[in-house]
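User: I'm new to this one and would like to go through it with you. Can you take my questions one by one?

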Amino acid sequence: MDSDLKDLDLYGILGVKQSATEKEIKTAYRKKALECHPDKNPDDPNAVQLFLRLSKILTILTDTAARLDYDKLVNAKSAAKLRKKLRKKECHSGIGKFINDIFESAQHERLVRDKRIFKKEIKRLRKYIKRLKKESDLIQRETEKEKNRSYILKIKWKKKGVYNKANLTSLFSKYGDVSAVVVLEDDKSVAFVEYKSKTAAINAKNKEVGLESCPLIVSFLGEFGLDSAKKSAKKRAKKRAKKRAKKKAKKENILLLEIIVHSKSKSISNDKSY
């Protein structure tokens with residue numbers, strides 16, 4: 001745990017009791033996070049820091065081991081406060097002071113030990129949060145790349161003048177939003193169709209055949225179609241490997257059968273000679 005969280009009442013910040021369930025803690029966190037979100041508090045310079053602090057509090061209170069260690073620390077602090085109150089009443093007595101000193105020493109040792117364990121748990125959680133943040137950033141970057149990418153299909157046909165931008169757009173819009181359709185002016189039998197969605201482009205490539213009177217030849221343009229090509233190549237390679245294995249097994253079985261027949265015929269001939 002960060003030093004600024006170590007002495008805070010994490011339950012009090014979320015507005016829940018120490019006995020609250022994980023569901024109640026998450027509900028309280030969402031409510032508090034909405035109130036303290038930096039977008040809703042643009043004039044508050046501490047909004048970002050408070051929002052991050054809430055995330056750390058949620059991580060601690062929803063992790064079983066970390067929460068247990070934190071509760072030990074809270075209970076130890078509560079016991080220390082109670083002890084102070086009792087000490088005021090018993091300090092007039094020498095025996096009371098002696099007992100109080102022993103109790104205070106033992107409680108201090110327990111508190112130090114609990115703090116040490118709690119620090120280890122916080123260190124582990126900090127590493128975990130850092131790893132999660134890296135993974136989140138990576139996913140976000142990949143998502144942004146996917147959003148900014150386009151997927152282009154090359155369309156060819158034999159008869160000139162059959163297809164144009166309008167009817168090609170109509171044909172290929174069945175599979176998803178078409179970003180652009182370009183028909184080459186110098187060659188009226190070639191066009192390019194652009195999609196924003198990879199799935200839409202793959203479906204269009206695999207399913208669209210065009211008109212019966214003038215079929216379309218659809219192919220991928222660029223590297224995004226290589227995954228499908230690799231999968232097809234792997235399937236073909238597996239089939240070939242299976243065929244070779246079957247042929248080999250068949251040959252081995254035939255050879256084994258010939259050996260058995262030969263050995264039997266030899267034994268029969270030996271019996272006759274006797």
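User: How many disulfides does the structure hold?
Analyst: A disulfide is a covalent bond between the sulfur atoms of two cysteines. Here the test is a pair of cysteine sulfur atoms within 2.5 Å. This is a predicted model, where local features need pLDDT of at least 70, side-chain atom pairs count only at pLDDT 80 or more, and totals for chains, interfaces and linings use all residues. Residues are numbered from 1 along each chain as its sequence is written, and side-chain values use heavy atoms, with hydrogens and water left out. The number of disulfides is 0.

User: Is Cys214 buried or exposed?
Analyst: Buried means under 20% relative accessible area, exposed over 50%, and partly exposed in between (1.4 Å probe, protein chains only). Cys214 comes in at 3%, and Cys36, at 11%, is buried. With its 3%, Cys214 is buried.

User: Which helix gives the most to the lining of the second largest pocket?
Analyst: Tyr70, Val74 and Lys77 are among the residues lining that pocket. The top contributor, with 5 residues, is helix H5.

Note on methods
On a 1 Å grid over the protein atoms alone, a cavity is a set of points where a 1.4 Å probe fits but cannot get out, and a pocket is an open set with protein on both sides within 12 Å along at least five of seven lines; lining residues have an atom within 4 Å of a point. Helices (H or I, at least four residues) and strands (E, at least two) are DSSP runs, numbered from the N terminus.
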